[in-house]
Amino acid sequence: MENEPLHPPISQKMHWQPGLSFRHFNYITIMENIRCSGASLTRISRSPVHPVIQGSAVSVVKSSPAAFVGAPMENSKASSFIKGLALLGVMRTAGAPFERVKLLMQNQNEMIISGRLPKRYNGIFDCFATTIRNEGIVSLWRGNIAFVTAYLSSEVIAKAIHHYGYSREDIEWTHTRRKVAVFLSAVVNQFLVYPLYYAGTRMANDVITSSNSRERQFNGIFDVYRKTLKSDGIAGVYRGFNIMIPKIALLRAVTAVSKPWQQFLLHHFQGSVLGRAVVNTLYASCRSMAVHPLDTVSRRMMMTSGAVKYRHSLHAITCIFYNEGVKSFYSGAKAQILTLAVYQVYGLCLRYVVGVLRRKNTGDK
């Protein structure tokens, strides 16, 4: 032990950084033309090069890569990621009542067909009032554990896939390969967490139709899996997943088209916190509405496990279209927009609280 170095070698420092790639240290100048004539200096370069003028001589000093300056900040990054997960869990839990109302509004026609709901809700506030009156206010968080677990697991899986992609030094990540990899990683991520979304959806839509009746279809997440596997097998847990693939593709396409305009407006409202929040809510709502019909089909196919089933996604779309009309595909759309707006408000509040705590800690030091 006494003969070991006090500090780990650079190779170990780089090995400890999961997102670090040797490609990042290619500091070969692509195009550099330094001309010095009196006070004239022209430089075109992609590397962090700093010209130093001493008399008539010009020398070029390159900045040292961050990994060679000091030890990596693995603990800080891990701590920030964990804090981010905790804040995400808090935000999702705070918005759970709106999530459940959105799901109830979205799937009410399917619940009426199955006999679980006697009549349609007369709007968002009627859905809130009816649920609280029949089930109590705590029931607004029904299914939240499954959803929060799905959200947090999805973030962890996405980060793991991202780090794995950067660790593949043998792959040349062209633009096309990068786009395909991002799409496939999103599909894999959705496949892994889909059973949690299924359990949360079934529990959120498990309603009590009268304050005098306390009979529920499911008694918890594991009861959802037990009954689904018994009646439908593993296919029941993944019912509606196939429609998620075109949903992911459409969402990626809409995001790619709308993102430049969103960035332009965010830059325009750079000094306005409220303006940026409105822009983010607007574009999040547009993207959500673009894929909302596909999400409705997926959710309603989830609701048919253990009951009369649609043969496939196209059959579900056809039945909903001919029996209920196009409007049914956008059931719960208003509640979804309200949910997105609420999350933006929560985000502003959290950023304000975090900023106050940071200033307080800075002042104490």
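A residue is called buried here when its relative accessible area is under 20%, exposed when over 50%, and partly exposed in between (1.4 Å probe, protein chains only). The structure is a predicted model, in which local features need pLDDT of at least 70, side-chain atom pairs count only at pLDDT 80 or more, and totals for chains, interfaces and linings use all residues. Residues are numbered from 1 along each chain as its sequence is written, and side-chain values use heavy atoms, with hydrogens and water left out.

**First stop: R300 and E110**

Please select R300 and E110, both of which are buried. Their side chains form a salt bridge, with an N to O distance of 2.8 Å. R300 belongs to helix 11 (residues 273-302) and E110 to helix 4 (residues 96-114), so that this pair, 190 residues apart, links distant parts of the chain. A salt bridge is a side-chain nitrogen of Lys or Arg within 4 Å of a carboxyl oxygen of Asp or Glu; helices are DSSP runs (H or I, at least four residues), numbered from the N terminus. By the salt-bridge rule, the count comes to 14.

Next, select E99 and R92, whose side chains meet in a salt bridge at 3.1 Å, N to O. E99 counts as buried because its relative accessibility is 14%, whereas R92, at 23%, is partly exposed.

Then move to D223 and K227, a salt bridge in which the closest N and O atoms are 3.4 Å apart. The two residues lie 4 apart in helix 8 (residues 221-232), and therefore about one helical turn separates them. D223 is buried, with a relative accessible area of 11%, while K227 is partly exposed at 30%.

Select K102, K247, D295 and R299 together to display a network of salt bridges.

Now select residues 144-167, the 24 residues of helix 6.

**Last stop: a positive patch**

Finally, select R178, K179, R252 and K259, which form a positive surface patch. Such a patch is made of residues with over 30% relative accessible area and no salt bridge, like charges being joined within 9 Å. Helix 7 (175-204) and helix 10 (244-268) each supply at least two of the patch residues. K259 lies in helix 10 and counts as partly exposed because its relative accessibility is 46%.

Notes: Patches are made of residues with over 30% relative accessible area and no salt bridge: like charges are joined within 9 Å, nonpolar side chains (Val, Leu, Ile, Met, Phe, Trp, Tyr) within 5 Å. Accessible areas come from the Shrake-Rupley method with a 1.4 Å probe; for residues, only the protein chains shown count as cover. Lys and Arg count as positive and Asp and Glu as negative; His and the chain ends are not counted. The place of a charge is taken as NZ of Lys, CZ of Arg, CG of Asp or CD of Glu. The expected span of a helix is 1.5 Å times one less than its number of residues.
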